[in-house]
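User: Hi! Could you walk me through some side-chain pairings in the model I'm about to paste?
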Amino acid sequence: MNILGIESSCDETAAAVYTPDGLQSNIIASQAIHEQYGGVVPELASRAHHKTIWHTVQQALNEGSITLSDIDAVAVTQGPGLMGSLLVGICFAKGLCLSRNIPLVGVNHMDAHIYANFIDDQPEYPLVSLTVSGGHTQLVHVTAPFEHELLGQTRDDAAGEAFDKIGKILGLPYPAGPVIDERSEHGDPSFHDFPQAMLDNDFEFSFSGLKTSVKYFLEDQDNREEFLKNHLDDICASVSHAITEVLVKKLRNAIEHTGVKTVALAGGVSANSMLRRKAEKLAENTGCNLHIPKLAYCTDNAAMIAITGSMMTQQKLYADMDMKPFANLKALERMNVQR
Amino acid sequence: MEKEFTTTSPDETIARGKEFVASLEAGEVVCLQGDLGAGKTHFVKGMAEGLGIESDDVSSPTFTLINEYDGDKLLYHFDCYRMESPREALEIGAEEYFYGDGVTVIEWPERIEPLIPPEAIWISIEAPDKNTRKFVIRKREP
């Protein structure tokens with residue numbers, strides 16, 4: 001089946017085409033707009049999904065060398081996300097489905113992060129996925145396609161958010177994740193022992209205490225600015241160490257608890273060099289196969305929605321035309337109970 | 001109306017949030033001001049508990065911008081940290097929430113101040129030292 005995937009859960013409007021031959025296109029609105037207007041158009045806010053969705057879908061079809069009449073189903077992000085943003089994508093997808101008389105597929109954005117691993121790769125089930133992004137930190141046990149058990153998640157800040165907010169405290173530009181990553185490569189991870197939270201709990205995460213700890217560590221120095229200037233790389237490395245140690249320790253717990261032989265990383269933070277190295281080492285030590293998607297499939301994108309949609313059509317997991325968005329996973333549970 | 005109190009631990013901040021929310025009705029908007037690490041999310045966890053929501057379900061919406069929790073009343077948890085203009089908030093339907101059927105709590109409200117209803121409750125949190133947090137609650141007299 002030829003699938004059109006649409007994502008509009010938060011910042012990005014995105015569209016992609018996935019066919020039995022694989023991924024044909026993967027477009028994010030900012031690109032589509034820039035191409036149309038020839039350059040950056042700052043007044044077009046990234047979250048104005050209703051203004052950008054049609055151009056984005058058109059470009060995904062063009063680049064995929066396919067026309068709308070050859071699309072067999074439309075997969076769209078149902079949640080979690082912002083209700084207003086989700087509605088734009090869902091209403092657009094329903095409109096396409098009704099006018100073309102093709103089925104609709106509602107995709108869980110968190111599932112899609114995991115199945116992004118299947119775009120270039122064929123991971124074996126059962127697997128454990130560590131999904132780490134600016135908005136989410138989750139450990140999920142996947143026993144078969146769409147058979148998921150949420151082992152644990154963050155109780156406050158997401159891992160990516162911790163990088164960004166600590167970056168702000170260190171005076172780095174937003175988003176700070178990539179900058180901290182780069183500086184960490186030149187620093188000493190054992191320079192300062194920042195707290196690794198919630199090690200007494202198997203699978204849950206907490207990163208908000210680390211942020212506070214960095215703040216007061218700097219305030220305790222005689223000359224904060226001078227200290228920061230001289231030791232920025234070391235502090236970045238120590239912060240990265242604290243965050244990635246927790247992530248990898250919990251991932252190890254999950255591997256041991258479930259007995260899986262396949263591990264997947266997902267989400268934007270999976271680009272972090274220290275996390276990758278530690279995950280690789282963990283996989284080696286536990287005899288697991290490690291999968292990490294390309295960065296373009298890790299940040300919010302529609303390729304992951306399209307492939308997940310494609311896998312759902314194989315299982316006949318279609319949505320009705322009265323499908324509603326859900327803001328969070330609790331709301332999804334309630335929706336499923338009501339059915 | 002102005003009220004002040006001090007807490008000395010995250011647990012106490014949560015307890016105060018729980019106590020505070022008991023006086024609120026659906027449709028009220030609460031603005032939380034304070035630096036990174038001041039304890040805004042902890043206070044919201046307390047508010048959630050008071051509304052019959054598991055506090056573990058409350059996480060920071062910095063990236064997701066708005067979290068919604070369903071308890072005895074709905075709780076809408078905004079984080080405007082990443083917003084650069086009130087227009088961005090309008091584009092995601094912020095006003096639908098403010099005048100909606102739940103309690104709204106907003107972190108970093110100064111980023112979208114022109115949109116905030118005049119009858120909103122403003123809470124500022126200051127951190128004089130590592131463990132102490134000073135809260136000032138202000139509400140305009142009707």
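Analyst: Happy to. Let's start with a salt bridge in which the side chains of A:Lys249 and A:Glu245 meet at 3.7 Å, N to O; the term stands for a side-chain nitrogen of Lys or Arg within 4 Å of a carboxyl oxygen of Asp or Glu. This is a predicted model, where local features need pLDDT of at least 70 and side-chain atom pairs count only at pLDDT 80 or more, while totals for chains, interfaces and linings use all residues. Residues are numbered from 1 along each chain as its sequence is written, chains are lettered from A and ligands numbered from 1 in the order in which they are written, and side-chain values use heavy atoms, with hydrogens and water left out.

User: Where do A:Lys249 and A:Glu245 lie?
Analyst: Both are in helix α8 (residues 224–258) of chain A, four residues apart, or about one turn of the helix. Helices here are DSSP runs (H or I, at least four residues), and strands are too (E, at least two), numbered from the N terminus.

User: Which residue does B:Glu49 form a salt bridge with?
Analyst: Its partner is B:Lys18, with the closest N and O atoms 3.9 Å apart. This pair links distant parts of the chain: B:Glu49 is in helix α2 (residues 40–50) of chain B and B:Lys18 in helix α1 (residues 10–21) of chain B, 31 residues apart.

User: And which residues are linked with A:Lys51 in a network of salt bridges?
Analyst: B:Arg87 and B:Glu91 are linked with A:Lys51 in that network. The side chains of B:Glu91 and B:Arg87 meet at 3.6 Å, N to O.

User: New topic: which residues does the UniProt "binding site" annotation cover?
Analyst: The unreviewed UniProt entry gives A:His109, A:His113 and A:Asp300. They span 192 residues in sequence, yet no two of their C-alpha atoms are more than 8.8 Å apart, so they gather at one spot. Positions follow the numbering used here, feature names are shortened, and annotations may be inferred rather than shown by experiment.

User: Is A:His109 buried or exposed?
Analyst: A:His109 is buried, at 2% relative accessibility (buried is under 20% relative accessible area, exposed over 50%, partly exposed in between, with a 1.4 Å probe and protein chains only). A:Asp300 is buried as well, at 13%.

User: What joins the side chains of A:Asp300 and A:His109?
Analyst: A polar contact of 3.1 Å. That term is a pair of N or O atoms within 3.5 Å; within protein, one must be able to donate a hydrogen and the other to accept it, and residues adjacent in sequence count only if both atoms are side-chain atoms.
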